[in-house]
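Hello,

Here is the structure I promised to pass on. Please open it and keep it beside you while you read my notes below.

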Amino acid sequence: MVKFGLKLAESRAPEYPESAYVDYNGLKGIIKELAGKNLARVDPSHREVSLTAPPPTNAAGRQLTSKDGGATEEDFYSTIDRELQKVEAHTLKEVTKLRTEIGALEADVAALDNEDESEVERVRGRADAVARGFLALEKYVNVNFMGFHKILKKHDKNSPSHACKQFYINRMHNQAWVRGDYSDVVVRLSAVYSALRNDHAAEENKDASQSFLRSTTKYWVRTEDVSKVKYAILKHLPVFLQKTSTGESDSQFTNSVYFDNDQLELYHGRLDKTPGAIAYRLRWYGVGDPKIVFFERKTHRDTWTGEASVKERFIVDESEVKQVLNDRYPVAEKRKKMEVKKGATKAEVDDWELLVNEMTQVVQAKQLVPTMRTQYMRTAFQIPFDATVRISLDTNLCMISERGYDTMGGAKWFRDPEKSLADNEITRFPHAILEVKLELGGNSLEPPQWVTELQNSGMLYEVHKFSKFIHGCATLLPEYVRSVPYWMDDASIRESIIRSGGGRILVKDDSEKGVGPGANEIYNHLLPFGNVKDPKLDAKGRTANTAALVEGAKDAPLNTTASKYYASADETDEEIMFNATIQGCCEDTCAGWIFPFCSAYNSEDVLAPTSVQKIEPKIFFANERTFLHWLHAGVVLYTIAAGILAFAEDSGSASGHWYAMALLPISLGFCLYALHLFLWRAEKIKTRIPGRWDDSRGPLFLGGILSIVLFVNFVMKCHEIREYRYAVLHEL
């Protein structure tokens, strides 16, 4: 492991002076000198001191002298304080500088002629420079923050009687350089890029009959990569500020209260992906008590059936929530107001009434009560009314249990925000959640290139079907759940689950497999950061190419199947074609080339990317049918060969013997190929590796050999006929 002092030196930004960073080596020298003194623990019960008494002896009972050095604990505390002030001052200075540069950018953009491409590119270059400066500043903050963590940990290890790490960690979290919210820089940069792109709000599409390919993918994003991901997105999409937003932040506070019954019926339905399973929640935006509440229902549908999952909602005032939950909502009265005041069509009103009636009745029918609340800051990126690409990023995510208090007949449906929560009533998720929604149609069904590059950047960790509601219930209500989602085995979220009292759902540290029963026993590619037995906390994003390619080491060996299907974001088209050619020519043995199941790339150590191929139930039967068809062809060839061989023995035909003996190994090859192809495709189905699941080489190889044998037999028969005719003519 690289020592942090060396890592700090390597991480220094060239534009920042060395003196701006924490003096790690100086602080380490003080700690080393203090460790040699072996200071005794201070007795906190002593409340009087003497100004004339000599210093106490150390922990070994030895009187300290000048030979033991002059450094004291106070020297360490004073140095830490000065270093904290230095880092904070530099951070605030750089932020002020960046804001000034953005102000100048905004002035230039306001006077910019978008027809002048050279000027636009010049301003865009300046915007990129400001963005890079902000990312460099964030890296500076993170490096110093880690440096203080490391040096305080080292101090407490060497001077356990004077531990101070927890005090200074709490202090750092309340200082401006750590606690400060500088998201206004992101918002203003987003506006600059939007102006440079000349974005316009698209026309609202009210034609529901158009055909689109809709997909939603969820990713985990590490905290240190959040700003990088934001920058990668805002270069192409503006920050979508809600009407209630003040414009001072790129995020909006969002609360969602999920309802369920004592059996957690909705939880298990959503977890098992039961057709028709619903999620029932109440959502509101902004800080403080809710004023407008959204009643939302999400219904799961299996895509292979041709249906799509839907989300429906209607809006009520907070004072009307109790009426809806108690099935006393004046639907008829509200319907008349919609028809008169809002001018809604009859079809719209009918749909609204049906939704309200169903959602009010399901509360009573299933005995739903507040169960789980999710809380986060949401940053949305979207061009208004353009749903082609919509991206949301949720940070500061936490789940709060809504069990254990009197709902007062529906009058109270979320916890009192003034009361503190116990550790087992709240869990704080360690990652941000990125959600990419694509709605593709028309001539192109491919996502924009920049979206693909972001997915392949190594900063995104795809977690298939991740759900905040499911995660919260599994963590905070472990005694009520019968099963848990697969991602609970991930090594990166284990500490947060244990801290919230959900340790009973996790496997033990000494577990042989490192995962619980279920999908992770079968698939080894679902967990982004590995399991407790094999943690991979520093792994690149699993939707990216191999770590070697992401880091630019093109000569490193490819060790994951992802490299076959995903190109590095830094590769040119020529490099991609070259790598594909090399892999296609040299990746396999002859046996693997003919029979895919023999390929070296089908070993158990090969990992698939988490972006998996969708599986429909009929694909298993299709694989079996294909196997039987190939097997049938082999059996038919064997039967023909056996018959020819039997007749050839009776007639004494040499060519018949040759022909039969040539067909017998070909028929055996057909049977072996059928078995290999079946097992190879079954492995593909098991791991759900995206890409082609057909074999374009085996049929050509076997068909070519069979054609050659048939052609040779045809030539020999023609020769025999010619010889026979010649013999008959000669006899005549």
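A helix here is a DSSP run of H or I with at least four residues, and helices are numbered from the N terminus. Note that this is a predicted model.

N713 is buried, because its relative accessible area is 12% and the cut-off for buried is under 20%. Leaving out residues up to four places away in sequence, N713 touches W658 and Y659.

Next, a helix pair. Two packed helices are described by the angle between their axes and the distance between the axes. Helix 4 spans residues 117-158 and helix 5 spans residues 165-172. They pack at an angle of about 165 degrees, and their axes are 9 Å apart. Angles over 145 degrees count as roughly antiparallel, so helix 4 is roughly antiparallel to helix 5. The crossing of the two is right-handed. On the helix 4 side, the contact is made by F145, F148, H149, L152, K153 and D156. Helix 5 brings K165, Y168, I169 and M172. By type, the residues of this contact are six nonpolar, three charged and one polar.

Last, the cysteines. How many disulfides does a search of the whole structure find? The search finds zero. A disulfide is a covalent bond between the sulfur atoms of two cysteines. C164 is buried, with a relative accessible area of 7%. C671 is partly exposed, at 22% relative accessible area.

Best wishes

Key: Residues numbered from 1 in each chain as written. Predicted model: local features only at pLDDT ≥ 70, side-chain atom pairs only at ≥ 80, totals over all residues. Heavy atoms only, no water. Disulfide = S-S within 2.5 Å. Buried < 20%, exposed > 50% of the residue type's maximum accessible area, 1.4 Å probe, protein only. Axes fitted to C-alpha atoms, helices over the stretch in contact; angles between N-to-C directions. Parallel < 35°, antiparallel > 145°, perpendicular 65-115°, else oblique. Left-handed = near helix turned anticlockwise from the far one by under 90°. Contact = heavy atoms within 4.5 Å. Nonpolar A, V, L, I, M, F, W, Y, C, P; charged D, E, K, R; others polar.
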